[in-house]
Each structure stands twice: as structure tokens, then as C-alpha cells.
Amino acid sequence: MSNNQQTDYDLNEPLTSTAAPLTDSTITLRIIKSFPYRNVRNLILRDYDLKNKTGFDLFNDCMKHIQTDGAFRPFRTVKYNKMKIYTHAHGSKTVNLVINFNHDDDWIIDITDANGKKLCEYDIENETEISLYNEEDYIAYKANPIEKW
């Protein structure tokens, strides 16, 4: 083979995770109603500012959307109290279709501190997926991960 072999990709081409600035990112929120029944609805936030917004801001933006969008009416009965990164763009995905059982310590996003870490400080970038769920339901499901559907 020649050293001048052509490839069908460009090493200088940016990934989608780095193609948009942190102030204009797209992230997907996985709103989880039920773990055993795999009731999950995606909320896609476009043009989201990861550089200046905190986990507290993201949580409040999600809750506002859940309370006002009719598509999320069945999801209003859950008391959401935890956010966790499901997967980073171009990263490996978990085998569990509902939530990532790994990284319970380092991928949790603080939703209680309005002056806390900015989202980009959690290594959240364009095309990151984040789960929003009830922590007690997660603990029960993790102890016995039986799917009923």
C-alpha cells in the first residue's frame, strides 16, 4: 500500500459535540416516568447555554416544559428530584435502555444549588443525553432491574 492512500473521512472535520459553541448547544433530556415499564419521553433543548446555566437552571427549565407541554401530561405525576448524564456524544452507550447504571457518583448533576457548577463543568457538551428521574424509583429499580414490558 502506498503512503498516499486516500480515506473517506477528514481528520480535520470536527465532531458534532465540538461543532457548536457551548452557548448554542443541543441536549436531550430523557424524562423517565417508570423504570420497569420503560416509560421515557425525550425533551430536546436546542440553542441551550451550557456555559452559563447550572444544573438548577436546567432542572427548572425541564420542569417548566413538563408542566406546560401537553405531550408530557402523563409525566406530571412523578416527583423528579435527580439528574444524571446518560451518555456523552460519541461515547459508548449503556446496555440498559432506560438509564445508565454506571457513574452514580461522578455523572450526577446538582439541581439544588442555583449558584453551583455550570453545565459545561460536568463535561456536558453538544449532543449529550441527560436523564431526569425520581431517585427512590431509581434505587428500587437498580436493586431489582426487572422490566415488565
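Lys 84, Asp 104 and Lys 142 are joined in a network of salt bridges, a salt bridge being a side-chain nitrogen of Lys or Arg within 4 Å of a carboxyl oxygen of Asp or Glu. The model is predicted: local features need pLDDT of at least 70, side-chain atom pairs count only at pLDDT 80 or more, and totals for chains, interfaces and linings use all residues. Residues are numbered from 1 along each chain as its sequence is written, and side-chain values use heavy atoms, with hydrogens and water left out. Across the whole structure, a search finds 5 salt bridges.

- Lys 84 forms a salt bridge with Asp 104, with 2.5 Å between the closest N and O atoms.
- This pair links distant parts of the chain, 20 residues apart: Lys 84 belongs to strand 3, and Asp 104 to the loop between strand 3 and strand 4 (108-109). Helices (H or I, at least four residues) and strands (E, at least two) are DSSP runs, numbered from the N terminus.
- The side chains of Lys 142 and Asp 104 also meet in a salt bridge, at 2.4 Å from N to O.
- Because Lys 142 lies in helix 3 and Asp 104 in the loop between strand 3 and strand 4, this pair ties together parts that are 38 residues apart in sequence.
- Lys 84 counts as buried at 0% relative accessibility, whereas Asp 104 is partly exposed at 26% and Lys 142 is partly exposed at 36%. Buried means under 20% relative accessible area, exposed over 50%, and partly exposed in between (1.4 Å probe, protein chains only).

- Glu 135 and Lys 82 meet through their side chains in a salt bridge of 3.7 Å, N to O.
- The two residues are 53 residues apart, with Glu 135 in helix 3 (residues 135-143) and Lys 82 in strand 3 (residues 82-87).
- Glu 135 is partly exposed, its relative accessible area being 28%.

**Nonpolar cores**

- The largest nonpolar core has 26 residues, of which Leu 29, Leu 58 and Met 83 touch the most other members. Such a core is a set of buried Ala, Val, Leu, Ile, Met, Phe, Trp, Tyr and Cys residues joined through side-chain atoms within 4.5 Å.
- At least two residues of this core come from each of strand 1 (25-34), strand 2 (39-48), helix 2 (55-68), strand 3 and strand 5 (129-133).
- Helix 2 supplies the largest share, 5 residues.
- A second, separate core of 7 residues includes Ile 32, Val 98, Tyr 138 and Tyr 141.
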